[in-house]
Amino acid sequence: MLDLQPLSVHELLQDVSERFALRSQQEKIALRLDFPVDSLPLVKADRDNIIQVLDNLISNSMKYSNENTTVVIRAHKEENAVRIEIIDEGMGIRRRDLDRIFERFYRVDKARSRSAGGTGLGLSIARQIVLVHGGTIEIDSEWQKGTRVSFTLPLYGENEDEA
């Protein structure tokens, strides 16, 4: 059951980045926000669920990145949505794994996943949360170069007559 409310993406991303600040410092991975401060519209979302999505995506980006790299959290308005992107300079994902990345229990690097923790459910859960919000989620990656995961959330006030 979702508690859909008007949500400020700006405030949400600020809060989430602050929660990762200590880990970022400890792991020597820069965390950078990149979005227009005043021009992001409100989205219609369940704050706790979207925090769960962001926690998973940022955590994965940091887990699979090396020291002295950067994880960028970017957001911008699209036609009827806000797109949020998590971009890292990590190990990337091989092309053969991209089609299966959102499957339950699927792990790209099984050996590293076991040592770093994780069940292989995070991206599957993130995908389900985004889809139930009426958004989309996609992943682009280049092996040994990095990964970009992006998802959309519908604007608050859009399609209200369909609810």
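Two residues are in contact when heavy atoms of one lie within 4.5 Å of heavy atoms of the other. Keep that in mind for Leu54. In this predicted model, Leu54 touches Leu12, Leu13, Val16, Ser59, Ile84, Ile86 and Phe151, leaving aside residues up to four places away in sequence.

Leu54 also belongs to the largest nonpolar core. That core has 35 residues, and Leu54, Ile84 and Phe151 touch the most other members. At least two residues each come from α1 (9-19), β3 (43-45), α3, β4, β5, α6, β6 and β7. Helix α3 gives the most, with seven residues. In soluble globular proteins, nonpolar side chains tend to be buried together.

Now look at how two of the helices meet. Two packed helices are described by the angle between their axes and the distance between the axes. The axes of α1 and α3 come within 11 Å and cross at roughly 45°. Angles under 35 degrees count as roughly parallel and 65 to 115 as roughly perpendicular, so α1 is oblique to α3. The crossing is right-handed. On the α1 side, the contact is made by Leu12, Leu13, Asp15, Val16 and Arg19. On the α3 side, Arg47, Ile50, Ile51, Leu54, Asp55 and Ile58 make it.

Next, turn to strand β5, residues 81-87. How many of its residues are buried? Seven of its seven are. In a regular strand the side chains alternate between the two faces of the sheet. In β5 both faces are covered. Ala81, Arg83, Glu85 and Ile87 are buried on one side. Val82, Ile84 and Ile86 are buried on the other.

Which strands pair with β5? One is β4, residues 69-77, which runs antiparallel to β5 and is joined to it by six bridges. A hairpin of three residues links β4 to β5. Across this pairing, Arg74 stands opposite Glu85 of β5. The other is β7, which pairs with β5 in the antiparallel sense over seven bridges. Here Arg83 stands opposite Thr152 of β7.

Finish with helix α6, residues 122-132. Its buried residues are Leu123, Ser124, Ala126, Ile129 and Val130. What do they pack against? They pack against α3 (47-63), β6 (137-142) and β7 (146-154). After α6 comes Gly134, with a positive phi near 85°.

Terms used. Residues are numbered from 1 along each chain as its sequence is written. This is a predicted model: local features need pLDDT of at least 70, side-chain atom pairs count only at pLDDT 80 or more; totals for chains, interfaces and linings use all residues. Side-chain values use heavy atoms; hydrogens and water are left out. Buried means under 20% relative accessible area, exposed over 50%, partly exposed in between (1.4 Å probe, protein chains only). Helices (H or I, at least four residues) and strands (E, at least two) are DSSP runs, numbered from the N terminus. Two strands pair if DSSP finds at least two bridges between them. A nonpolar core is a set of buried Ala, Val, Leu, Ile, Met, Phe, Trp, Tyr and Cys residues joined through side-chain atoms within 4.5 Å. Axes are lines fitted to C-alpha atoms, for helices over the stretch in contact, and angles run from 0 to 180 degrees between N-to-C directions. Angles under 35 degrees count as roughly parallel, over 145 as roughly antiparallel, 65 to 115 as roughly perpendicular and the rest as oblique. A crossing is left-handed if the near helix is turned anticlockwise from the far one by less than a right angle, and right-handed if clockwise.
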